[in-house]
Amino acid sequence: VESAVTRLLVSIKQLLESLTKWSNQQASEEEVSDVYVRLGNDFNAAVAAFAAYNIDMSELMNVPEDLRGVLEDCLSEDANSKNLDKYLPKVRAIITSLLQGLRGKQSVFRQIVSGPRHRSDASGHSRTDSGRVSRSDRVSRRDTAKSTSSATSTATTETASDALERRASKRFSTYNISKMTGTPRDRSGMGSGHPNRRSLAASNTLTAGELAEPPPVIEQPPVPPPPSEMPPGPIAAFLQVGREVKKATIEPGLSFPSLRMLFVDKFAYNPGQENFPAIYIRDPSSGVQYELEDMDEVKDKCLLSLNIERDLSAMAALALDQIKQHIDIQISGLSQELRDLRNASMLQPQMTGASVMSEYSNRVVTDLRTQFDEVQNLRRDLGIMRQLYSEFSKQTKESLGALRSQTQKVRQMASAQVPGARAYIDTGKTKLDIRSQNALTKMEELQDTVESVKDDVLKRHVSPKPHVLKAIKQDVDAVAAELDSLKEHIKTIKPMWKKTWEEELQSIVEEQQFLNHQEEFLADLLEDHKAVLEVYGHVEKVITIRGQGGAKGIRSRGFKPPPMDEGHGGLSTVMLEIKGAAVDPERRMKAIAANQKTRERELASKADEFEAELKGFIGGKKLKMTGGADEVERVRQHRNDLALKAMFNGGSTGSLATASLSAPSTPPEPPALES
């Protein structure tokens with residue numbers, strides 16, 4: 001139910017956003033119609049979910065038809081904001097009535113679910129106590145019976161436990177319903193297990209009475225400065241960022257943070273409080289710029305600047321100089337080694353003696369062959385060095401290109417008239433909302449997958465394949481990484497948003513509620529992830545214990561049908577039930593669609609073991625480096641030269657000796673795959 005309501009709320013938000021884009025001529029009528037069809041399908045799914053608990057939804061069944069009529073009238077008009085404002089109140093009224101009805105149905109659903117859950121918990125405690133007494137009487141059982149009883153108790157606990165609590169879906173639906181209907185949400189049931197979070201929410205949120213009355217202004221008499229430090233009044237100064245210069249008025253007693261905020265307001269430049277560059281002031285007499293350390297040095301018509309481009313160009317030039325120096329040293333060393341090897345190879349033939357058949361000549365030939373093998377090894381090493389150098393050059397070029405693109409982005413941001421902190425918060429809200437909704441979707445899919453595996457293991461007694469468990473583990477790790485990233489992102493943006501809230505008290509309530517909702521929403525997602533991980537651990541434990549028990553003589557792990565009910569006649573009773581069952585085409589279509597979705601999920605998770613191993617081997621760069629394509633081309637050219645020499649020399653003794661010297665003692669290794 002909670003998942004169906006969450007999907008319906010997401011569809012409602014997408015419908016409102018598509019109408020806004022349609023009025024701005026950013027979306028067509030077909031796109032709005034597709035969103036409405038998706039909303040209708042999600043509405044039918046929510047109705048079916050509530051009907052499974054015998055909750056009547058008849059008073060809300062006319063909502064899609066009413067919404068369809070209003071949308072048809074709206075889309076028949078021209079796409080502009082005026083026509084949207086004409087029909088938008090009707091759309092909001094229909095959606096508000098739908099959300100209010102859903103809130104009431106959710107309350108009924110939660111009351112229905114809470115009753116059996118408490119009873120199941122109480123029965124579970126009683127079974128646990130009785131199990132303790134029985135286990136104390138049977139201490140002398142065998143090890144096989146112990147493993148079997150532990151597996152049975154684990155399976156019973158997981159079977160008796162309720163489905164995964166979708167806390168994030170509940171909080172998402174409650175927050176969006178209260179936001180769309182404009183009514184305050186009930187916080188009594190949310191976050192009851194987190195007193196710290198409730199205290200933070202209570203301390204950070206203003207009440208309706210505080211919003212109705214403006215905050216009292218306490219007038220304090222200004223403290224006059226000493227006569228010797230009395231400023232004459234506002235002064236004019238010139239602010240410079242890069243090549244752009246603007247004139248500003250500086251009030252007396254201005255601090256460094258206020259001066260930085262003046263740069264931010266004038267040039268829309270905000271690199272952050274910790275990364276803000278130093279402010280320089282120009283001496284009018286000598287024209288030298290130096291870092292501003294005392295605000296008393298700021299005089300009338302002085303020039304204050306931020307030297308951003310010079311710092312970036314100096315860093316880039318320093319990095320390029322270091323890279324060039326390192327490359328020059330390496331190339332000079334390789335060149336010297338190549339010259340030494342060439343001189344050694346030219347001097348070696350002079351050492352050969354007169355007679356080829358003498359002992360001295362044989363020893364010289366052996367030495368030459370050994371030296372030739374060493375030269376071949378050195379050439380192979382040089383090929384590897386050449387490959388490493390090419391990769392290093394490529395990475396250096398990519399790093400420099402990324403640095404240039406970032407510098408260009410900084411220049412564009414500095415030149416563009418970017419709004420202040422309010423636009424930053426609005427953009428951050430949109431991105432954070434999208435990321436949280438994506439995390440919720442992934443969590444819903446993960447919960448469905450884990451519950452399906454749990455049913456296979458505990459009810460159908462079917463053990464999933466190892467690659468399925470591996471895929472589930474990878475999904476769990478991916479969701480955990482996304483949640484950690486969201487947590488760090490919220491921890492980073494919270495101080496910035498609080499600073500803006502101090503300046504804009506009119507919108508502080510909405511942002512505080514949104515951020516508190518995101519924190520509680522993230523906490524619920526973490527709890528859902530913890531519950532999924534716990535259930536997955538139990539599933540792995542059952543599979544491990546069942547495998548150990550099977551090795552000790554337990555019967556096969558095939559499918560075990562449940563025991564028959566009283567009065568059940570077997571196949572004849574089943575055939576009578578099939579004969580008298582009412583055919584429901586809609587349920588059949590839904591079952592076929594669900595089976596198709598399950599089939600697609602299985603096909604998507606199916607992978608070839610050899611392909612996965614090969615990808616891991618190549619991705620881990622475990623292949624042996626042999627010099628790359630350049631080394632293979634050099635060996636091929638060398639063999640071609642030897643073949644041509646043998647052909648033109650006519651197979652003479654000298655050519656054969658030369659070929660025997662030039663050929664390596666061992667057959668060359670086949671070229672390995674490039675990593």
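**Exercise 1.** Is Glu 488 buried, partly exposed or exposed? Determine also which residue Glu 488 meets in a salt bridge.

*Solution.* The model is a predicted one.
Step 1. Glu 488 has a relative accessible area of 44%.
Step 2. The side chain of Glu 488 forms a salt bridge with that of Lys 491, at 4.0 Å from N to O.
Step 3. Both residues belong to helix 13 and are 3 residues apart, which means a separation of about one helical turn.
Step 4. Lys 491 is exposed, its relative accessible area being 52%.

**Exercise 2.** Describe the salt bridge of Lys 105 and the parts of the chain that this pair links.

*Solution.* 
Step 1. The partner of Lys 105 is Glu 59, with 2.5 Å between the closest N and O atoms.
Step 2. Lys 105 lies in helix 4 (residues 81–137), whereas Glu 59 lies in the loop between helix 2 (29–51) and helix 3 (63–75). The two residues are 46 residues apart, and the pair links distant parts of the chain.
Step 3. Lys 105 counts as buried because its relative accessibility is 13%, under the 20% cut-off. Glu 59, at 46%, is partly exposed.

**Exercise 3.** Determine how helix 12 and helix 13 are oriented towards each other.

*Solution.* 
Step 1. The axes of helix 12 (residues 421–458) and helix 13 (residues 466–503) come within 10 Å and cross at roughly 155 degrees.
Step 2. Angles over 145 degrees count as roughly antiparallel; helix 12 is therefore roughly antiparallel to helix 13.
Step 3. The crossing of these helices is left-handed. Their contact has 18 nonpolar, 6 polar and 6 charged residues.

Note on methods:
Residues are numbered from 1 along each chain as its sequence is written. This is a predicted model: local features need pLDDT of at least 70, side-chain atom pairs count only at pLDDT 80 or more; totals for chains, interfaces and linings use all residues. Side-chain values use heavy atoms; hydrogens and water are left out. Axes are lines fitted to C-alpha atoms, for helices over the stretch in contact, and angles run from 0 to 180 degrees between N-to-C directions. Helices (H or I, at least four residues) and strands (E, at least two) are DSSP runs, numbered from the N terminus. Angles under 35 degrees count as roughly parallel, over 145 as roughly antiparallel, 65 to 115 as roughly perpendicular and the rest as oblique. A crossing is left-handed if the near helix is turned anticlockwise from the far one by less than a right angle, and right-handed if clockwise. Ala, Val, Leu, Ile, Met, Phe, Trp, Tyr, Cys and Pro count as nonpolar, Asp, Glu, Lys and Arg as charged, and the others, Gly among them, as polar. Buried means under 20% relative accessible area, exposed over 50%, partly exposed in between (1.4 Å probe, protein chains only).
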